[in-house]
Amino acid sequence: MKFLLYLPKGYEEKEHWPLMLFMHGAGERGDDLSLVKKHGPPKLIENGKDFPFIIISPQCPKGTWWKTEDVVALLDHIMQIHNVDDNRVYVTGLSMGGRGTWQVAGAVPDKLAAIAPICGPSDETIVEKIVTIPTWVFHGGKDSVVNVDHSEKMVRLLKEKGGDPKLTTYPEAGHDSWTETYDNEELYEWLLAHELKMRKKMEADKQ
């Protein structure tokens, strides 16, 4: 699996850094890595933005969907060879990558501190596994590609199971709800405010 890797400024000066996994949408599939820079954090990095994360942005092969096991294997690999803070691993993605975000969270809920799926198709099969993961969902109210119902359903199901997800709907936005989302510094501040050990402590306190 090809991928883009971003290391933050001053990377060598710190022992541990937060890690963000970004999963692109269907239009960026293929073997040309420059396509991954079309949207999201890779686009912002290309335009000169600095992030306080290690950012891994894999590319899904042409004509396929995200294979969760391949993405998880890449995530594990990067966590082993780079200065990653195991307490601060985050996943986000848009459209096809939004669904990928749900599925990676369902596969490795004990590794993630928070997730931010954007305009992704729903996946009800993983709801019970991710109830305690801090989740912020984004969608355009006029999305004609992936109806906003998908995100609303996931948020509703999570709440029914005792979760506390956030949902931001842009009333006038179509499928592109990601540009505004990734341009919003509040998203990154929100991610960084969550740590895995904090979540596990809260889970233990409830038992």
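In this predicted model, a salt bridge joins the side chains of Glu128 and Lys161, with an N to O distance of 3.2 Å. The two partners come from distant parts of the chain, 33 residues apart: Glu128 sits in helix α4 (residues 127–130), and Lys161 lies in the loop between α5 (149–160) and β7 (166–170). Here helices (H or I, at least four residues) and strands (E, at least two) are DSSP runs, numbered from the N terminus. With a salt bridge taken as a side-chain nitrogen of Lys or Arg within 4 Å of a carboxyl oxygen of Asp or Glu, the count comes to 10.

Residues are numbered from 1 along each chain as its sequence is written. Because the model is predicted, local features need pLDDT of at least 70 and side-chain atom pairs count only at pLDDT 80 or more, while totals for chains, interfaces and linings use all residues; side-chain values use heavy atoms, leaving out hydrogens and water.

Turning to helix packing, α2 (residues 68–81) and α3 (residues 96–107) meet at an angle of about 70°, their axes 10 Å apart. Axes are lines fitted to C-alpha atoms, for helices over the stretch in contact, and angles run from 0 to 180 degrees between N-to-C directions. The pair is therefore roughly perpendicular, a label for angles of 65 to 115 degrees. Thr68, Val71 and Val72 of α2 touch Gln103, Val104 and Ala107 of α3, contact meaning heavy atoms within 4.5 Å.

Terms used. Angles under 35 degrees count as roughly parallel, over 145 as roughly antiparallel, 65 to 115 as roughly perpendicular and the rest as oblique.
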